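Dear colleague,

Please find the structure below, with the sequence. My notes follow it.

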Amino acid sequence: VLAAVSQKGTALQFAAENMRADKEVVLAAVTNDGWALADASNDLQNDKEVVMVAVKNNGTALEFASEHLQNDKELVTLAIKQNGKALKYASDSMKNDKDIAFMAFRNMGRLGFQVEDHMSLRDLVLAAVQKDGTVLRAANDELKKDREVVLAAVQQNGPSIKYAKGGLNQDADCLKLSGLWDDTEAQVTYSRNEKAVLSVKFSLAEQTTQYASDFALAMKHDRFLKNFKTYNPNAWCKESCDPDFTNIAHPCRGTSSTCGIPEVDNYDAVTKRPCSKSCWRLAFRFHQEESKDTNGFMIQVEEQEGLGDGQKIETEMAKEVDLKVFRTYTNLPDLTAARNDKIYR
């Protein structure tokens, strides 16, 4: 094993558990490839000597360090010197350290603007996200709650909204600017009468995948699918009568008789449609039924790891509604810009 990981560090993923906890073996692996740290034992991911070797080889290996070491200034400095983008894996305290942040941004490569010493941390991040919205991930939590910063980020890169905090990942203006939420029906017209429903994993939180947001945006640019008004559940903040939110054993299937939230809270008093206080299952089923009534369909996006728990519930409700379902599969972790031109079916 030692010989194997010395030649190819990532071979550590195939090693037995006791080998991934062997410091000599792991040191050999991360010396060859810092990302091998991902497969080291928890104890060794918290071993400063091991992690320092890993980030010296590849700064972004900081992602796999323990939370304690992600807050270690000496180690974080070493990581961002190797690769400024490693800042996104540092603790919020480190991201709020001006010396650390400025060093990281100077080592991020071409950002399209000059990092000046007189700039405030906010000015620095704002200038950066205007050039690359994904840099929002490297901002501290306070700036992720800054409306101007978030709007600039999502205007440049829509899916970056997942890194926003303070409710901005569900803010109407941010969602519209990101492209994930259409304006009112009066402002947007569709050439097809059929309505569609999108069944995807939740993607508007930092620890979720970006695939669902990329897929939704790709649909809006697809020559055929852009013609259908599509309900994207990620663009709406909802409640749940299920304490666990997506427990398939919970009886709620989106009907008034099965939902635990009172009907008065599930529907807007004026429009008689689901509102921000609605149970997400009831809201989703409401749109499934609208889709069924217009001879529409549901597109279900199955990612590499399979369907999410919420998607399994949405599948059951689609069967009850008798709604047509088209399911897409992928063996890819994301949709690149090149793949966004067309959704393969």
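What covers the buried residues of helix 13? The cover includes helix 12 (172-178), strand 1 (195-199), strand 2 (229-231), strand 3 (297-302) and strand 4 (325-329).

Before the rest, the conventions. This is a predicted model, in which local features need pLDDT of at least 70 and side-chain atom pairs count only at pLDDT 80 or more, while totals for chains, interfaces and linings use all residues. Residues are numbered from 1 along each chain as its sequence is written, and side-chain values use heavy atoms, with hydrogens and water left out. Helices (H or I, at least four residues) and strands (E, at least two) are DSSP runs, numbered from the N terminus. Buried means under 20% relative accessible area, exposed over 50%, and partly exposed in between (1.4 Å probe, protein chains only). Contact means heavy atoms within 4.5 Å.

Helix 13

Nine of the 11 residues of helix 13 (residues 211-221) are buried, so the helix is largely enclosed by the rest of the structure. The buried residues are Y211, A212, S213, D214, F215, A216, L217, A218 and M219.

In helix 5 (residues 48-57), the buried residues include V50, V51, A54 and V55. Viewed down the axis, the buried residues of helix 5 fall within an arc of 120°, so they line one face of the helix; the arc is that of the directions from the helix axis to the C-beta atoms. They pack against helix 3 (23-32), helix 4 (42-45) and helix 6 (73-82).

The axes of helix 5 and helix 6 come within 8 Å and cross at roughly 15°. Axes are lines fitted to C-alpha atoms, for helices over the stretch in contact, and angles run from 0 to 180 degrees between N-to-C directions. Helix 5 and helix 6 are therefore roughly parallel to each other (angles under 35 degrees). Their crossing is left-handed, that is, the near helix is turned anticlockwise from the far one by less than a right angle. K48, V51, M52, V55, K56 and N57 of helix 5 meet E74, L75, L78, A79 and Q82 of helix 6.

For helix 6 and helix 8 (residues 98-106), the axes come within 9 Å and cross at roughly 15°. Helix 6 passes helix 8 in a left-handed crossing. The contact is made by K73, V76, T77, I80 and K81 of helix 6 with I100, M103 and A104 of helix 8.

Loop residues

H250 sits in the loop between strand 2 and helix 14 (263-266), and counts as buried at 17% relative accessibility. Its side chain reaches the backbone nitrogen of C252 at 3.2 Å. Leaving aside residues up to four places away in sequence, H250 touches C241, D242, P243 and R281.

Most residues other than glycine have a negative phi. F245 has a positive phi, near 75°. F245 is in the loop between strand 2 and helix 14 and is partly exposed, at 39% relative accessible area. N295 also has a positive phi, near 65°; N295 lies in the loop between helix 15 (280-293) and strand 3 and is exposed, at 53%.

Regards

Definitions and conventions. A polar contact is a pair of N or O atoms within 3.5 Å; within protein, one must be able to donate a hydrogen and the other to accept it, and residues adjacent in sequence count only if both atoms are side-chain atoms. Angles under 35 degrees count as roughly parallel, over 145 as roughly antiparallel, 65 to 115 as roughly perpendicular and the rest as oblique.
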